[in-house]
Amino acid sequence: MHPIARDRYIVRLTDAGAETSRRKSPKHGAVFDVFTALVSIPALLAHPNLTLDVVITIEEEIRAPTARRSWRRGPWTRVDRRLVDVVETHAIPSMSALFAMLDAALPEQFTTLDLAAAMKSTRALAQQAAYCFRESGVTEISGKSGNALVYRRTE
């Protein structure tokens, strides 16, 4: 199970523990953010007994001031996270099922730029996804276009 915060509220506390401010974070998570964790275990992704549960949540991040902190980072540090709500859960039985969520938006041969557009995310996350798909055997490299690798789905 891997939680991803779709919405995050940042709550700042005083030294006494009273809430001083509460705001919504500008960052929003999606199912495909799971690739940041999966990129460190690419060998396990093709295992038939692996089922990945991605839980999309709404959470609060509690921040408090600390005296022993670098002046570059500011005085606030994260001290706690609280679950507010579970929005949805995705059970992913294999990497091919995760690739099927993107397959309709991709051409026959694609680059990480096409993958980023289909995922509606950054190219760095698309490169991590392409690595995970390649290591699990869902895609393979079929050539190059300039410096970009061109991928295609394996049969």
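## Basis of the description

A residue is called buried when its relative accessible area is under 20%, exposed when that area is over 50%, and partly exposed in between. By this scale R22 is partly exposed, because its relative accessible area is 40%. The structure described here is a predicted model.

## Salt bridges of strand β3

The structure holds 10 salt bridges. One of them joins the side chains of E60 and R22, with an N to O distance of 2.4 Å. This pair links distant parts of the chain, as E60 belongs to strand β3 and R22 to strand β2 (residues 19-24), 38 residues apart. The two partners fall into separate accessibility classes: E60 is buried, with a relative accessible area of 13%, whereas R22 is partly exposed at 40%.

A salt bridge also connects the side chains of E61 and R78, at 3.8 Å from N to O. Here too, distant parts of the chain are linked: E61 lies in strand β3 and R78 in strand β4 (residues 76-92), and 17 residues separate them. E61 counts as buried, with 5% relative accessibility. Both residues of this pair take part in a network of salt bridges that links R8, E59, E61, R63, R78 and R81.

Is T57 buried or exposed? With a relative accessible area of 4%, T57 is buried, since the limit for that class is under 20%. When neighbours within four places in sequence are left aside, the contacts of T57 are I4, A5, R6, D7, L83, D85, V86 and V87.

## The sheet of β5, β7 and β6

Three strands form an open sheet in the order β5-β7-β6, with antiparallel pairing. Its edge strands are β5 (109-110) and β6 (139-145), each of which pairs on one side only. Six bridges join β6 to strand β7 (residues 148-153) in the antiparallel sense. Within this part of the model, T139 stands opposite R153 of β7.

A salt bridge is present between the side chains of R152 and E140, with 2.4 Å from N to O. Because R152 lies in strand β7 and E140 in strand β6, the pair ties together parts that are 12 residues apart in sequence. Both residues are partly exposed: R152 has a relative accessibility of 29%, and E140 has a relative accessible area of 28%.

## Loop residues and a nonpolar surface patch

Which residues form a nonpolar patch on the surface? The patch consists of I41, L44 and L50, which together have about 230 Å² of accessible area. L44 is located in the loop between α1 (35-38) and β3 (52-65). With a relative accessible area of 48%, L44 is partly exposed.

Apart from residues up to four places away in sequence, M101 touches V31 and F32. The C-alpha atoms of M101 and A118 are 9.4 Å apart in space, while the two residues are 17 residues apart in sequence.

Notes
Residues numbered from 1 in each chain as written. Predicted model: local features only at pLDDT ≥ 70, side-chain atom pairs only at ≥ 80, totals over all residues. Heavy atoms only, no water. Patch = residues over 30% accessible without salt bridge, like charges linked within 9 Å, V, L, I, M, F, W, Y side chains within 5 Å. Areas by Shrake-Rupley, 256 points an atom, 1.4 Å probe, with all protein chains shown as cover. Salt bridge = Lys/Arg side-chain N within 4 Å of Asp/Glu carboxyl O. Helix = DSSP H or I, 4+ residues; strand = E, 2+ residues; numbered from the N terminus. Buried < 20%, exposed > 50% of the residue type's maximum accessible area, 1.4 Å probe, protein only. Contact = heavy atoms within 4.5 Å. Pairing = 2+ DSSP bridges.
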